[in-house]
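Have the viewer open as you read.

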Amino acid sequence: MASKVQQFRQVGKKIVAVGRNYKAHAEELGNVVPTKPILFLKPTTSYISQGQAIKIPPTCTSLHHEVELGVVIGRGGSKIPESKAMEHVGGYVLALDMTARDFQDEAKKKGQPWTLAKGFDTSCPVSEFISMETVGDPANTRLWLKVNGATKQDGNTKDMIFSIPYLISYISDYFTLEEGDVVLTGTPSGVGPVKEGDTIEAGLGNSVTIKFQVEQ
Ligand SMILES: CC(=O)CC(=O)C(=O)O
Ligand SMILES: [Mg+2]
């Protein structure tokens, strides 16, 4: 019987996402490099797994891919010290933080939240649960993404501005983290648009790959 952590998608716990956690990505969109983590939430209804399609949300004209390492929380907690943070990690997922960039740009201009840009149905495609052993060192793991076979993103988690222990500690100062929650740790540079009919493939390290189709 799979544990609750392995069933993270069914447990229905929250997705806490970190924005601009790679300097090169913050700069490619003309954003200021953050001095503290930028957080937003994605609803659990945004999850899809392989075999399901990414659906372009109504009126969106610029849907972007963002490949990210997701940390699956194995043991919940509040005000977790950075020194103990990795004891709360149960495993990982490879995730896409699909983003309606036109919605986000408009929201940024108006000082509005990113909820619609980041939280629409199908905006969080994920792999199966990945064990800690499979990932090895989460602070030095390659992340890549291709659209129709062409490489668009090829980064490494060593370039994160805020480390996984720091993020878990920081987030848990504000939100209680629960077993089955997923923390999306931000995307490396190379984000860009996808359109109807495109195929997105992404990978983590040498062993995990995912593939999703984009549909209208
Ligand atoms: C600019 C963004 O959409 C922030 C984000 O999600 C990231 O991964 O960085
Ligand atoms: Mg992101």
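Glu66 is buried, with a relative accessible area of 3%; buried means under 20% relative accessible area, exposed over 50% and partly exposed in between, with a 1.4 Å probe and protein chains only. This is a predicted model, in which local features need pLDDT of at least 70 and side-chain atom pairs count only at pLDDT 80 or more, while totals for chains, interfaces and linings use all residues. Residues are numbered from 1 along each chain as its sequence is written, chains are lettered from A and ligands numbered from 1 in the order in which they are written, and side-chain values use heavy atoms, with hydrogens and water left out.

Glu66 sits in the loop between β5 (63-65) and β6 (67-73), and Asp97 in the loop between β7 (89-96) and β8 (99-100), so the pair ties together parts that are 31 residues apart in sequence. Helices (H or I, at least four residues) and strands (E, at least two) are DSSP runs, numbered from the N terminus.

| Residue | Relative accessible area |
|---|---|
| Glu66 | 3% |
| Asp97 | 0% |

Now for the packing. The largest nonpolar core has 44 residues, and Leu63, Leu94, Leu96 and Ile168 have the most contacts inside it. Such a core is a set of buried Ala, Val, Leu, Ile, Met, Phe, Trp, Tyr and Cys residues joined through side-chain atoms within 4.5 Å. Among the elements that each supply at least two residues are β6, β7 and α6 (164-174). Ile168 touches Val71, Ile73, Ile80, Ala85, Val89 and Leu177, leaving aside residues up to four places away in sequence; contact means heavy atoms within 4.5 Å. A second, separate core of 13 residues includes Ala17, Tyr47, Val72 and Val93.

As for the whole chain, there are 6 helices and 15 strands, and 53% of the 216 residues count as buried. Residues 24 or more positions apart account for 76% of the contacts with a separation of 6 or more.
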